Amino acid sequence: MSKELVFGHQNPDTDAITAAMAFSYYENQLGANSEPVALGEPNEETQYALKTFNMKAPRVVKTVSNETDKVMLVDHNEPQQSAPDVDKVTVTHVVDHHRIANFNTAQPLWYTARPYGCCSTIIFELCQEKNIDIPKDLAGMMMSAIISDTLLLKSPTTTFHDEEAVKALAKIAGVDYEDYGLKMLKAGTNVDAKSDNEIVDGDAKTFTLGGVKMRV
Ligand code: MN
Ligand code: MN
């Protein structure tokens, strides 16, 4: 049986990359055979986090149906933000903190949606619920993802779930999350190293509104 692929949205941010790594780890602890991948290269902020916690970036893939027939989606559910051939594979799991839109499946599936500031916060709670220990390096990445999505717990989307998760993960990772968080966010705003297109496209997502495709 081929490995199930776990991935976040296109133009991956720190949460899209980390949630794939964390959810694949969680599922494999429960007996799955999955591999985290990414639908794009990690951005500067994510690279900073990966370097700090000594972790390798997930393999980048353009399509998924050429190597598997089952996938797990994290940090997104809308098909237009997913792999271009997601309609050709079975989605077995979704873990997401966004609105649900244009999402349909032919088969029943595991779907975990919680309205938190970050997808990695949901995965932190899933690990807690099943008593699954989070390794130090992965804890550092999950903490980074929450800091990234909530702008160091300052964004209006931040919930007490995110706050508790950041504090617990910082303890496992052995870092001061406020000090580290500022450095990480600063690494992500290093626009010198990017082209104009990368800056504009870096935080863009595709939506379909009234039949019209928009990028925001
Ligand atoms: Mn994201
Ligand atoms: Mn997210």
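Reader: What should I know before I start?
Author: This is a predicted model, in which local features need pLDDT of at least 70, side-chain atom pairs count only at pLDDT 80 or more, and totals for chains, interfaces and linings use all residues. Residues are numbered from 1 along each chain as its sequence is written, chains are lettered from A and ligands numbered from 1 in the order in which they are written, and side-chain values use heavy atoms, with hydrogens and water left out.

Reader: How many helices and strands does the protein have?
Author: Start with the rule. Helices (H or I, at least four residues) and strands (E, at least two) are DSSP runs, numbered from the N terminus. Here the protein has seven helices and eight strands.

Reader: What share of the residues is buried?
Author: Buried means under 20% relative accessible area, exposed over 50%, and partly exposed in between (1.4 Å probe, protein chains only). In this protein, 51% of the 216 residues are buried.

Reader: And what share of the contacts joins residues 24 or more positions apart?
Author: Contact means heavy atoms within 4.5 Å. Take the contacts with a separation of 6 or more: residues 24 or more positions apart account for 61% of them.

Reader: How do I describe two packed helices?
Author: Two packed helices are described by the angle between their axes and the distance between the axes. Axes are lines fitted to C-alpha atoms, for helices over the stretch in contact, and angles run from 0 to 180 degrees between N-to-C directions. Now look at helix H1 (residues 14-29) and helix H3 (residues 119-129). Their axes are 9 Å apart, at an angle of about 15°.

Reader: Is the pair H1 and H3 parallel or antiparallel?
Author: Angles under 35 degrees count as roughly parallel, over 145 as roughly antiparallel, 65 to 115 as roughly perpendicular and the rest as oblique. H1 is therefore roughly parallel to H3.

Reader: Is the crossing of H1 and H3 left-handed or right-handed?
Author: A crossing is left-handed if the near helix is turned anticlockwise from the far one by less than a right angle, and right-handed if clockwise. H1 and H3 cross in the left-handed sense.

Reader: Which residues meet between H1 and H3?
Author: H1 brings Asp15, Thr18, Ala19, Ala22, Phe23 and Tyr26. H3 brings Cys119, Ser120, Ile123, Leu126 and Cys127. Sort them by class. Ala, Val, Leu, Ile, Met, Phe, Trp, Tyr, Cys and Pro count as nonpolar, Asp, Glu, Lys and Arg as charged, and the others, Gly among them, as polar. The contact of H1 with H3 has eight nonpolar, two polar and one charged.

Reader: How many residues of H3 are buried?
Author: Nine of its 11 residues are buried, so H3 is mostly covered. The buried residues of H3 pack against H1, S4, S5, S6, helix H4 (136-150) and helix H5 (160-173). Take Ile123, which is found in helix H3. Ile123 counts as buried, at 0% relative accessibility. Leaving aside its neighbours within four places in sequence, Ile123 is in contact with Ala19, Ala22, Phe23, Val95 and Met142.

Reader: At what angle do H2 and H6 cross?
Author: The axes of helix H2 (residues 44-52) and helix H6 (residues 177-188) cross at roughly 135° and come within 6 Å. H2 and H6 are therefore oblique to each other. Their crossing is right-handed. The contact includes Tyr48 of H2 and Met184 of H6. By class, the contact of H2 with H6 has six nonpolar, two polar and three charged residues.

Reader: How do I read a metal site?
Author: List the donors. Donors are N, O and S atoms within 2.8 Å of the metal (3.2 Å for Na, K and Ca); water is not among the atoms, so sites may look incomplete. The manganese ion (ligand 1) is coordinated by His9 (NE2), Asp13 (OD), Asp13 (OD) and Asp75 (OD), at 2.1 to 2.7 Å. Asp13 and Asp75 are 62 residues apart and link distant parts of the chain.

Reader: What coordinates the manganese ion (ligand 2)?
Author: Asp15 (OD), Asp75 (OD), His97 (NE2) and Asp149 (OD) do, at 2.2 Å. Asp15 lies in H1 and His97 in the loop between strand S5 (90-96) and strand S6 (110-113), so this pair ties together parts that are 82 residues apart in sequence. The two manganese ions, ligand 2 and ligand 1, are 3.5 Å apart, and Asp75 coordinates both.

Reader: Is Asp75 buried or exposed?
Author: Asp75 counts as buried, at 1% relative accessibility. Asp15 also counts as buried, at 0%. His97 is buried at 14%, and Asp13 is buried at 17%.
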